[in-house]
Amino acid sequence: MYRLWFGVFENELKLAADFKNGFVSAVNKDLIPFNIAEIGTKVLGKDYYRILRRVAIEVAEKKVREEISSDERSLVALVKALDSVEEIINVLKKKKEDLIDDAISERFDEAIEQIKKLRGEIEKEIDAFMAKVAPNLCEVAGAKLGAKLIEKFGSLKKLAFASSNKIQIVGAEKSLYRAIARMKRGKEAKMPKHGIIFLHGFVRNLPKKKRGKMARFLASKISIAAKIDYFRGELEEELAESVRKRYEELRREK
Amino acid sequence: MRNVRIINGIPATKSKYGSHYGEKIIEIGGERYREWIPWRSKLSALILKGYEIEFRGDEKVLYLGASSGTTLSHLADIIDEGVIYAVEYSAKPFIKLLKLARERENVIPLLCDASKPWLYSGIVEKVDFIYQDVAQRNQVDILKANADFFLRNDGSFLLMVKAKSIDSTAEPKEVFDKVIERISKDFLILETGTLEPYHKDHIFILGAKI
C-alpha cells in the first residue's frame, strides 16, 4: 500500500476525500516503484500541479504559523528543564558526599549517571531546536547559551529588541545594582563585565583583564544575531566568523 | 545557460516577475532580467566562474534547503516550464518562501525535514535534478536518502558543501576530500570546484547516479 497525497494506492487508487489530510499523511517507508505525477495526472488531469501547489501552500501556511510559536515555547520549556536537571545533579552530588554507607552511595552514583544521560538528551534537543529557531544565535553564542538567553528574556522577540549592554550583563543583575548603589553613594564600585554570557568559551578562556572586551564584543554580535534570526531567519555566515577573529585577536594581544 | 545572461559582469535571469529579495531589475531589449549577485547565491557564483549546467527548462527538480527562496527564485526563472519541489525545514525563512510560491506557478513548497524524505515520499515525484544546499553535518546522508527516493536513473544532482558546517575545526581541504570520497562510493562525480572568492570554504559537487 502506498500513501500518496491525493489518495491511497493499493492495486488501484482510492481518491482521498480531503487532499490536505492526504498531503500530511503521505508517508511511505518503502520506495515508490511508480511515478506519482503520472498516476496523479491520470486521475486529476492537467490540473494536477495546480491542485498540488494549492494544497501544498495551504498546508504550509497553517504549519508555519503553528511551528513558529510552538518551537519557541518548546525551547523555553527545555531550558527550564535543563536548569532543574542540573540543579538535581548538584544536590545529589552534595548529599552523596555526606553519606557514610557505601552501598547507598553507590546507588547515588548510578542515579547521577542516569540523570547526566538525561541532561545529554535535553542538550541534544536544545541543539536541534536552536538550529531551527535561531540559527545565527546558535552559531554565535552556541546552542546552550543562546537558548538560555532566549529563556532569560522570555522570547526571541524580546531578545532581538534588547540592547547589547543588557545582553552583556543579564544574569549579573545583583552585582550590577550593588555597583550602582555604591556609585550613588560616591564610593568606588566594580561594574560587572558579564552575566550569563560568561558561559561562552571565548569569554571564559581569556585572562580576566580581557574578558570585559570580549564580553562586550560578543554581546553586540549576539544582539545582531538575534535581530537577524527574528526578522529574517537566514544564516549569516560572516557573523560567527567575526567573533572567532576577535577572540583570536584578544588572545594574542599583550 | 538557459534564461541566464551575464550583464555587466554579474549573472541575471530572464524573468517576468518582480523583485523577490531586493535584487535589481534590469531591462535589456524589451526583456526583463533579475540581477543574481554571486555573493548571495552559490549557484550564481558557480555560473559566474564559468561552469555550465544544461537545462531544457521543463525539468522536475527537488530543491533541498530552499531557505527564503533567493536561489530558488532564479532557478524558477531558469526551469520556467518545469516543476520545483522546494523543501525547507525552518519556519521563519519559509514565510518568505511561501510568498514566492504563491507568485510562481512552478514552485511547490514543502515545510519538511530534508533528512526524512519518507515524510514527503507520497508527494514528490521522480525528479531529473536534485539541488542541495542544507549546511548540515549529515548532508551526504541527506543527499543519498533523497536520491534513493526521488532521483531518476538518468538524473543528476548539484551539492553545495560547506566545510564549517560539517566540521568547524578541521581543515576545509580534509573535509572536502572526505565528502568527495563518500559521495563517489554511491554516485558518479562529474565535476567539483570551489566557489572562491564569492563563498569561503565552500565547494560544489555535480554528480549523477551510477
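## Contact between chains A and B

Two residues are in contact if their C-beta atoms, placed from the backbone, lie within 7 Å. In this predicted model, 29 residues of chain B are in contact with 30 residues of chain A. Helix 3 (91-103), strand 7 (107-111) and helix 4 (139-150) of chain B each supply at least two residues of the side that touches chain A; helices (H or I, at least four residues) and strands (E, at least two) are DSSP runs, numbered from the N terminus. Helix 3 of chain B gives the most to this side, with eight residues.

By residue class, the side of chain B that touches chain A comprises 18 nonpolar, five polar and six charged residues. Here Ala, Val, Leu, Ile, Met, Phe, Trp, Tyr, Cys and Pro count as nonpolar, Asp, Glu, Lys and Arg as charged, and the others, Gly among them, as polar.

## Fold of chain B

Chain B contains six helices and 11 strands. Its radius of gyration, taken over C-alpha atoms, is 16 Å, close to the 17 Å that the globule rule (2.2 Å times the number of residues to the power 0.38) gives for 210 residues, so chain B is as compact as a globular protein of that length.

Of the contacts in chain B with a separation of 6 or more, 56% are accounted for by residues 24 or more positions apart.

## Domains of chain A

An automatic or database domain assignment gives chain A domain 1 (2-59) and domain 2 (134-254). The C-alpha centres of these two domains of chain A lie 49 Å apart.

## Conventions

Residues are numbered from 1 along each chain as its sequence is written, while chains are lettered from A and ligands numbered from 1 in the order in which they are written. As this is a predicted model, local features need pLDDT of at least 70 and side-chain atom pairs count only at pLDDT 80 or more, whereas totals for chains, interfaces and linings use all residues.
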